[in-house]
Amino acid sequence: MFLSIVVGIISGLGAIFFDRLLAATLDVLIRPHTGYGEPGRGAAAAVVAAIASVHSYWFLLIPALGGLVSGLIVYSIAPEAEGHGTDAMIESFHLRGGQIRKRVPLIKILASALTIGSGGSAGKEGPIAQIGSGFGSIFASALKLKPRERRILVLAGASGGIGAIFQAPLGAALFAPEVLYRETDFEYEAILPCVVSSIMAYAVYTQFYKGGALFFPGPVEFSLPTELIPYAIFGVVCALVGYVYVRVFYGARDRFFKPLGIHKMFKPALGGLMLGAIAFLSPQITDGGYGWIQMALEGKIFWGSMLLLVFLKIAATSCTISSGGSGGVFGPSVFIGAMLGGAFGFLGHKVAPGWVIHPNSFVLVGMGGFFAGVAKVPIASIIMACEMSASYTLLVPLMVVSSISYLLLRNTSLYENQQISRFASPAHLTEFSRGMLERIRVKEALHPQSITLIPETMPFGELVRTVSRSGESHFPVVDAVGRMTGIVSINDIRSVLFENDVDRVIIARDVATLSVVSVLRDDTLQQALDKMAAIGVDELPVVDREKPDTIVAMISKRDIVNYYYAKSGG
């Protein structure tokens, strides 16, 4: 607890430093050259319209220059500081024992301030999470703490920074332990240290900045049971747009920026240039856009404009972060959810005023409900939305929308490094009861399933189509008589997907891994897990001892986890 207090204090100071550096960068790069600044609370409708109509050619240059400098700094000193820092924190927790290099927090501060301060569409949570978690890691390493304790301090640091900068100490204390996993699981041992750290960081931060809400929704209401149906429908809308958001976000990275034949350090500049083209037409998508969220809450933006801003923000965020720019995805997600809620609420009020009674309430609900689905943090999102607006009036609709959005987006997430659950995390592999797993055979945990066999002569184009139609991730490759000669995964296909003329010259055997590691039906589950850990995979083919070249099933970590739970009564 004492170490969490220290980490919280430093995280709060880090949040203050980053906030001031970002504000100074915006004052130097964006405001004097473009004349653009976000509207403040209570701004007149005419002022709001005037700000939205700012079209400066500087937007075509400044974000590109900011991306260029940010890329040069990141890729020459600390490449792990690219992208959204929360995912880097998650990876550090699961795969690196909480180890974060000492230089990362400083580089993340500078790169993120440049990216966001030059107009980039990114949020503060990624940088501040990596800053706080970086200090927690450095502090733990200096004290020579065990990996388990270091991982907890990493989460405490992230919670402290996020809780301070977003004025949401409780939500942030739940966010860091919850965001690690895609299912409704928590790193429960870290909750209390995260609470302590978040309280301290918030206390430090509010000594320099006035505490209170980020948003002021005014009188928001919820009518039971009349508005439950519109909110339920809105939850479905959040899931649909969330799916588009994640697909566009990673599609831009994997299908556009990665295949480009230029060095990584120059890609954020290209992303900044593309962002600038959008900002020239619609400057509202730059920075965090919190002023525009406030305007949506006050009903000063036309619903059609809000709907357009949803998709422009998705494109802008993809340009900024998917290109390698440094920043978070929480801020853009809050903006997208708020504008989506505003569009749904005000249009719904116009079309069916008896059903959608309080349209501005949907803005606030959209903030939490949308992020709950795309980030897999339903509990933290509900609390953070309430804290950021200093209102728990809409707790029930937030629960409804967040639950629906989360359930419909079950396998879709903005955070690639999230694990399914604690027992799927490499950080907790040793927590399995080895005694039980060493007594259970692989054949006991198998369940009937269809296996897609890939002939080794299958052309690459047909292979891609076959894989796309299947819900599996690994595919055995067989010869003409049905013997397994290799295995191909989605990652194997992705590595050559963008090469020229692959359809005509590459067959399945060319992309398959030929040295196949398999498990026997009579092996123990512990042996299967050990083999998976040794080669870094989540799934292996199962064979009989008498016919080692004939696959009978596939077994995954999830199969083992589910069987372990069922066997142990968990």
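A: Leaving aside residues up to four places away in sequence, F175 touches T86, I162, F371, V377, A380, M384 and Y415; contact means heavy atoms within 4.5 Å. This is a predicted model, in which local features need pLDDT of at least 70 and side-chain atom pairs count only at pLDDT 80 or more, while totals for chains, interfaces and linings use all residues. Residues are numbered from 1 along each chain as its sequence is written, and side-chain values use heavy atoms, with hydrogens and water left out.

F175 belongs to the largest nonpolar core, which has 109 residues. A nonpolar core is a set of buried Ala, Val, Leu, Ile, Met, Phe, Trp, Tyr and Cys residues joined through side-chain atoms within 4.5 Å. Buried means under 20% relative accessible area, exposed over 50%, and partly exposed in between (1.4 Å probe, protein chains only). F18, F175, W292, I293 and M339 touch the most other members of this core. A second, separate core has 19 residues, among them L437, I440, A445 and L540. In soluble globular proteins, nonpolar side chains tend to be buried together.

Next come two helices. Helices are DSSP runs (H or I, at least four residues), numbered from the N terminus. Helix 12 covers residues 267-281. From its first C-alpha to its last, helix 12 reaches 22 Å, close to the 21 Å expected; the expected span is 1.5 Å times one less than the number of residues. Its buried residues include K267, P268, L275, I278 and F280. The buried residues of helix 12 pack against helix 4 (62-77), helix 11 (228-257) and helix 14 (303-321).

Helix 14 has 19 residues and reaches 27 Å, close to the 27 Å expected. Among its buried residues are M306, L309, V310, K313 and I314. The buried residues of helix 14 pack against helix 12, and also against helix 6 (103-117), helix 11, helix 13 (290-297) and helix 15 (330-351).

For contrast, consider a charged pair. K531 forms a salt bridge with D523, with the closest N and O atoms 3.4 Å apart. A salt bridge is a side-chain nitrogen of Lys or Arg within 4 Å of a carboxyl oxygen of Asp or Glu. D523 counts as buried because its relative accessibility is 8%, whereas K531 is partly exposed, with a relative accessible area of 28%.
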